[in-house]
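Here is a friendly briefing to read with the model open beside you. Have a look at the sequence and the fold first, then work through the points below.

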Amino acid sequence: MDLFIVGDVHGCLNTFIKLLEKWNPREEILIQLGDLVDRGNHSPAVLRLAFELEQNFRAETVFLKGNHELMMQEYLSDPVAGKNWLNNGGSQTLFQFDQAGVDPDHYSSWILNLPLYWETEYVFISHAGVSGFAPLDNPRHPDGLLWNRKPLRDVGKLQVIGHTPRWNGEPQFFPESKAWNIDTCAYGGICLSALRLSITGQFKEIISVPTDERDVG
């Protein structure tokens, strides 16, 4: 099985669906590296789609946690302690849930159990990547896998991350750390990108679809 790794979706449902048309579940594992929610217009529907994909393709899909899923999780657990989410797209997302007539707590358990990373002997995939020596299991560490924006270090295998927007719409490879950043600002009206790799981490292709205008603005 090859790998089909998708960057930050941020509520861009129609764009995500268009990109998924390029995924072949018979030959590829779909790995989405977090930030399904917030900023775009369709966070509830994106969560529903991801949840259903995981149910229907259990062996062929992996959804990782992003910092926006963490903030949503913390708010649903304790709205006072987690109120920072409201200023980071959460208010808009809650409004979308209300408009859709869906209780966001329906997805709280699923979000809580999203893994922080996926790895093999050849690749390490997470939302924000490894730079220093922050614990891999601490989702709140500022230099950890959900929040880090420092230069990545070589971990002995290929890293693939999102989190830090590439406003030129082009995924970037960093040779010194053997890392790809594939967040191409879907919510900013640019594009959503996927990286196609062999199971051993060999580069095959970048696939990008322009942001659907229904998803933003």
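Predicted model: local features only at pLDDT ≥ 70, side-chain atom pairs only at ≥ 80, totals over all residues.

Residues are numbered from 1 along each chain as its sequence is written, and side-chain values use heavy atoms, with hydrogens and water left out.

**Annotated domain**

- The unreviewed UniProt entry carries the annotation "domain: Calcineurin-like phosphoesterase" for residues 3-178; UniProt positions follow the numbering used here, feature names are shortened, and annotations may be inferred rather than shown by experiment.
- Over residues 3-178 the chain is 28% helix and 15% strand, where helices (H or I, at least four residues) and strands (E, at least two) are DSSP runs numbered from the N terminus.
- The end C-alpha atoms of residues 3-178 are 17 Å apart.

**The sheet with S1**

- An open sheet of 5 strands runs in the order S3-S2-S1-S9-S10 with mixed pairing; two strands pair if DSSP finds at least two bridges between them.
- Its edge strands, each pairing on one side only, are S3 (61-63) and S10 (203-210).
- On average, neighbouring strands of this sheet are turned by 15° against each other, direction ignored.
- Strands S1 (residues 2-6) and S9 (residues 191-197) run antiparallel and are joined by 4 bridges.
- Val6 has Ala194 in S9 as its bridge partner.

**The sheet with S7**

- Another open sheet has 5 strands in the order S4-S5-S6-S8-S7, and its pairing is mixed.
- Here S4 (117-119) and S7 (172-174) are the edge strands, with each pairing on one side only.
- Strand S7 pairs with S8 (residues 179-181) in the antiparallel sense over 3 bridges.
- Within S8, Ala179 is the bridge partner of Phe174.

**Helix H2 and its neighbours**

- Two packed helices are described by the angle between their axes and the distance between the axes; axes are lines fitted to C-alpha atoms, for helices over the stretch in contact, and angles run from 0 to 180 degrees between N-to-C directions.
- Helix H1 (residues 13-20) packs on helix H2 (residues 43-56) at an angle of about 30°, with the axes 9 Å apart.
- H1 and H2 are therefore roughly parallel to each other (angles under 35 degrees count as roughly parallel, over 145 as roughly antiparallel, 65 to 115 as roughly perpendicular and the rest as oblique).
- From H1, Leu13, Phe16, Ile17 and Leu20 meet Ala45, Val46, Leu49 and Leu53 of H2, contact meaning heavy atoms within 4.5 Å.
- By class, this H1 and H2 contact has 8 nonpolar, no polar and no charged residues; Ala, Val, Leu, Ile, Met, Phe, Trp, Tyr, Cys and Pro count as nonpolar, Asp, Glu, Lys and Arg as charged, and the others, Gly among them, as polar.
- H2 also lies across strands S2 (28-32) and S3, running at about 140° to S3.
- The axes of H2 and helix H4 (residues 90-100) come within 8 Å and cross at roughly 75°, and these two helices are therefore roughly perpendicular to each other.
- Ser43, Pro44 and Leu47 of H2 meet Thr93, Gln96 and Phe97 of H4.
- That contact of H2 with H4 has 3 nonpolar, 3 polar and no charged residues.
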